[in-house]
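Here is a short briefing for a reader new to this protein. Take a look at the sequence and the model before reading on.

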Amino acid sequence: MLVHVLLYEPGTESEGIHSLELKGSTVILMFEDRDDAERYCGLLEAQDFPTPSVEELTRRDIEAFCVEAGYEARYVEKGFIPSTDEERLMISPPLSNLEVGNWHNNDDRNEQISSNDQLEEIKKRLENLL
């Protein structure tokens, strides 16, 4: 099954995936519907956050990436209606964002490189399937 995720600077050394911090966990959103993912990007842009691009990858690959990276994957179904404040963040970003300028700090540079390599590998596998 294909899902839509939000990537920053895809295909570059500084590629990153959009995440949320919820109750001490890093959460990656996987959107069923491309329009929902693009709407979320627009809301990020409206908050002066860097605008990610919407990339289509397999759900299994994103979930495997999240397990390996210590993240939590959350699936956002088309037409999803939140019932809690936490679930609301799955369709609308928080009003404040963490600084993205430090996502490449030296302490987690090796983890960043590993995560970028994993994302690149997932994209290559998807291309081979198509």
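The points below go from the overall fold to single residues.

This is a predicted model, in which local features need pLDDT of at least 70 and side-chain atom pairs count only at pLDDT 80 or more, while totals for chains, interfaces and linings use all residues. Residues are numbered from 1 along each chain as its sequence is written, and side-chain values use heavy atoms, with hydrogens and water left out.

**Overall fold**

- The protein has four helices and six strands. Both are DSSP runs, numbered from the N terminus: helices are H or I with at least four residues, strands are E with at least two.
- Along the sequence, the order is β-β-β-β-α-β-α-β-α-α.
- Of the 130 residues, 37% count as buried. Buried means under 20% relative accessible area, exposed means over 50%, and partly exposed lies in between (1.4 Å probe, protein chains only).
- The accessible surface comes to about 7800 Å², by the Shrake-Rupley method with a 1.4 Å probe. Carbon and sulfur atoms hold 47% of that surface.
- Take the contacts (heavy atoms within 4.5 Å) between residues at least 6 apart in sequence: 74% of them join residues at least 24 apart.

- An α-helix has 3.6 residues a turn, so residues three or four places apart point the same way.
- Threonine 58 belongs to strand β5, residues 53-58. Threonine 58 is buried, at 12% relative accessibility.
- The side chains of threonine 58 and aspartate 61 are joined by a polar contact of 2.9 Å. Such a contact is a pair of N or O atoms within 3.5 Å; within protein, one must be able to donate a hydrogen and the other to accept it, and residues adjacent in sequence count only if both atoms are side-chain atoms.
- Glycine 70 follows α2, and its phi is positive, near 80 degrees.

**Methionine 30**

- Methionine 30 sits in strand β4, residues 25-31. This residue is buried, with a relative accessible area of 1%.
- From methionine 30 to valine 76 is 46 residues in sequence, yet 5.9 Å in space, C-alpha to C-alpha.

**Aromatic rings**- The count is three aromatic pairs. Rings of Phe, Tyr and Trp (its six-membered ring) pair if their centres lie within 6.5 Å; planes under 30 degrees apart count as stacked, over 60 as edge-to-face and the rest as tilted.
- Tyrosine 8 and phenylalanine 49 form an edge-to-face pair, 5.8 Å centre to centre with 75 degrees between the planes. This pair links distant parts of the chain, 41 residues apart: tyrosine 8 is in strand β1 (residues 2-8), and phenylalanine 49 is in the loop between α1 (34-46) and β5.
- Tyrosine 8 is buried at 5% relative accessibility, and phenylalanine 49 is buried at 11%.
- Phenylalanine 31 and tyrosine 40 form a tilted pair, because their ring centres are 5.5 Å apart and their planes stand at 55 degrees. Phenylalanine 31 is buried at 1%, and tyrosine 40 is buried at 1%.
- Arginine 59 lies over the face of tyrosine 75, at 4.1 Å from the ring centre. A charge sits over a ring if NZ of Lys or CZ of Arg is within 6 Å of the ring centre and within 35 degrees of the ring normal.
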